Amino acid sequence: MQFNEQFSYKEKAMQGGALYLVGTPIGNLEDMTFRAVRTLQEADIIAAEDTRETRKLLSHFEILGKTLYSYHEHNKQASGPELVRLMAEGKRIALVSDAGLPAISDPGADLVQMAIEAHLPVIPIPGPNAALSALIASGLPTERFTFIGFLPRDRKRAVEVLAPLTNAAGTLLFYESPHRVIKTLQRLQETFGDCSVTLARELTKRFEHFVRGPISECLEFLAAHPPLGEYVIVVEPRSSLSATADGSLAGEAWWSSLSEEEHVNHYEQEQNVSRKDAMKLAAKDRGVSKRDIYQALLQFEAEANED
Ligand code: SAM
């Protein structure tokens, strides 16, 4: 049996082409690691999300004379295969994003897959990350968490992402821009109720700031202090509390006391989605088919008519 193995520091891997995923600061340049600087110095090519941003970073650390190659969301189809070709020829490629870890709400995941498929070593060079930095200072549970990143802007798609999370155990991590943080908090409140959140802003920077409390208080705060800077929203959904407000057991699904009819109505009325989508979401929550939900609703209607 042929296993897909990688020894990152065996001689062959060290001498041939490889992909280095290099974490860079999310604000404070002192967070750049020694290893990140050395890796960028030694790379044959630096693939960057925004070459102008990366040039600034390189010049700060006096990493000079490097070949930069643009790799971003809109050119990755063409530049990914080209980078893999260069690695196959023996080039060491360091991938950086504008800030934090590549491939975390930033380009990189596709290139990693392509490199692995081409049997090239993929080597992480850890560094700062906004989500985990916010989580560890949030005061919310850290034992179990789910990274969501940016919520889709479209309401229907946002509900599709959020609905299954009402059953998820653990803390949730969202990224958000200042323009959308209020809207996103409102969506979170519609889905999870007035649960505890931490808003982490400008992490590692001079104006680093946290607001901790129920969503309603954070919204009040933002009404008085308009959002500025980039945010991480750390959420403790009620389902992850050890005992929920109504006394139900930890981990029990929020809809478990609802009939199929009530469950569908919840989505339709409280989250403003169409009847058809509400049935789809309820079916997904319950792990049954849409047809089962439809049958249950028909039966409910028949019983209501009998009364
Ligand atoms: N790759 C990055 C990482 O590892 O954290 C994330 C890049 S993503 C395109 C940018 C988002 O990360 C921002 O919109 C914000 O939500 C979050 N973010 C990045 N830097 C931040 C900071 N200094 N403080 C708070 N949030 C930050």
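1. A pocket here is an open set of points on a 1 Å grid over the protein atoms alone, where a 1.4 Å probe fits and protein lies on both sides within 12 Å along at least five of seven lines. A molecule sits in one if more than half of its atoms lie within 2 Å of its grid points. The ligand's space is the largest pocket.

2. A word on the basis: this is a predicted model, with local features needing pLDDT of at least 70 and side-chain atom pairs pLDDT 80 or more, while totals for chains, interfaces and linings use all residues. Numbering runs from 1 along each chain as its sequence is written, and side-chain values use heavy atoms, without hydrogens and water.

3. Around the ligand are 19 residues, the closest being Asp-106, Asn-129, Tyr-175, Glu-230 and Tyr-231 (near means a heavy atom within 4 Å).

4. Now the polar contacts (N or O pairs within 3.5 Å). Ligand nitrogen atoms lie 2.8 Å from a polar side-chain atom of Asp-106 and 2.8 Å from a backbone N or O atom of Leu-203. A ligand oxygen atom is 2.9 Å from a polar backbone atom of Ala-130.

5. Do look at the placement, too: domain 1 (16-128) and domain 2 (131-240) both give residues to the shell, so the ligand lies between them (bounds come from an automatic or database assignment).

Notes. Polar contact = N/O pair within 3.5 Å; in protein donor to acceptor, adjacent residues only side chain to side chain. 1 Å grid on protein atoms, 1.4 Å probe; cavity = no way out; pocket = protein on both sides within 12 Å on 5 of 7 lines; lining within 4 Å.
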